[in-house]
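Please read it alongside the sequence and the coordinates.

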Amino acid sequence: ILAAGPPAPPSLWHLPIRPGGERADLLLMVNWDDASRQLETPVERLGLDPAAPRIVFDATGGVLLDGGGATITADVRPHASRLLVIRPAPGRPQVLATTRHLLPGTVDLEGVTWDAATRTLQGISRRLIPETARIPGVDDPAYAITVHAPPGWTLVRAAASQPCLAVRAAPELVRIEFPELTTETVEWTLTFTATAQ
């Protein structure tokens, strides 16, 4: 009789977080197999209301996944993982993730606020990695913030205490990139226009 060996580690890890003071959930999906797998979990298992609208952002691939329904599902390559950020869908722009840490937004985001009157999203990013500490040969910006802009919302202005660029990363996604950082704290303001709500 052959020994079965140790059991495989879990394929799902869940962590509730509050980046910038707002509710979010991190879901790490890991495929330990030699073939691709579709991993899924009921949202109720994460303590979420299946009927509530939500946004599911794949921080690994930089894309939005289907956030509707009672189950969160993702295809995962062999011996790979996908880190998902799950946020309530308030119907206005909000920060989904940052590049500061493996737990996006948990270490750096502070005081993220939305002003409905001026349609402005603003916040402070702290404890940022200076340019000198970056991995040599990496072309990614020193820091970036990914924002969800629902249909009908358009970014019209990005301002910050450090030089930044605003790029459209994908449909409904805007990425604010800081090519170089000279301070460990950045204050930023994003102004939107709403064409339809």
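## Salt bridges and polar contacts

E110 forms a salt bridge with R126, with the closest N and O atoms 2.6 Å apart, where a salt bridge is a side-chain nitrogen of Lys or Arg within 4 Å of a carboxyl oxygen of Asp or Glu. Because E110 lies in strand β9 (residues 109-115) and R126 in the loop between β10 (120-125) and β11 (143-148), the pair ties together parts that are 16 residues apart in sequence; strands (E, at least two residues) are DSSP runs, numbered from the N terminus.

This is a predicted model, in which local features need pLDDT of at least 70 and side-chain atom pairs count only at pLDDT 80 or more, while totals for chains, interfaces and linings use all residues. Residues are numbered from 1 along each chain as its sequence is written, and side-chain values use heavy atoms, with hydrogens and water left out.

E110 also forms a salt bridge with R127, the closest N and O atoms being 2.9 Å apart. This second pair links distant parts of the chain, with R127 in the loop between β10 and β11 and E110 in strand β9, 17 residues apart.

The structure holds 8 salt bridges, and one of them joins the side chains of E22 and R92 at 3.4 Å, N to O. E22 lies in the loop between β1 (12-17) and β2 (24-31) and R92 in the loop between β7 (80-88) and β8, so the pair ties together parts that are 70 residues apart in sequence. E22, R87 and R92 are linked in a network of salt bridges.

The table lists relative accessible areas, for which buried means under 20%, exposed over 50% and partly exposed in between (1.4 Å probe, protein chains only).

| Residue | Relative accessible area | Class |
|---|---|---|
| E22 | 16% | buried |
| R92 | 17% | buried |
| E110 | 26% | partly exposed |
| R126 | 30% | partly exposed |
| R127 | 43% | partly exposed |

Q94, placed in strand β8 (residues 94-98), is buried with a relative accessible area of 3%. The side chain of Q94 makes a polar contact with the side chain of R87 at 3.4 Å, a polar contact being a pair of N or O atoms within 3.5 Å; within protein, one must be able to donate a hydrogen and the other to accept it, and residues adjacent in sequence count only if both atoms are side-chain atoms. Leaving aside neighbours within four places in sequence, Q94 is in contact with residues including E22, R87 and H148, contact meaning heavy atoms within 4.5 Å.

Conventions. Helices (H or I, at least four residues) and strands (E, at least two) are DSSP runs, numbered from the N terminus.
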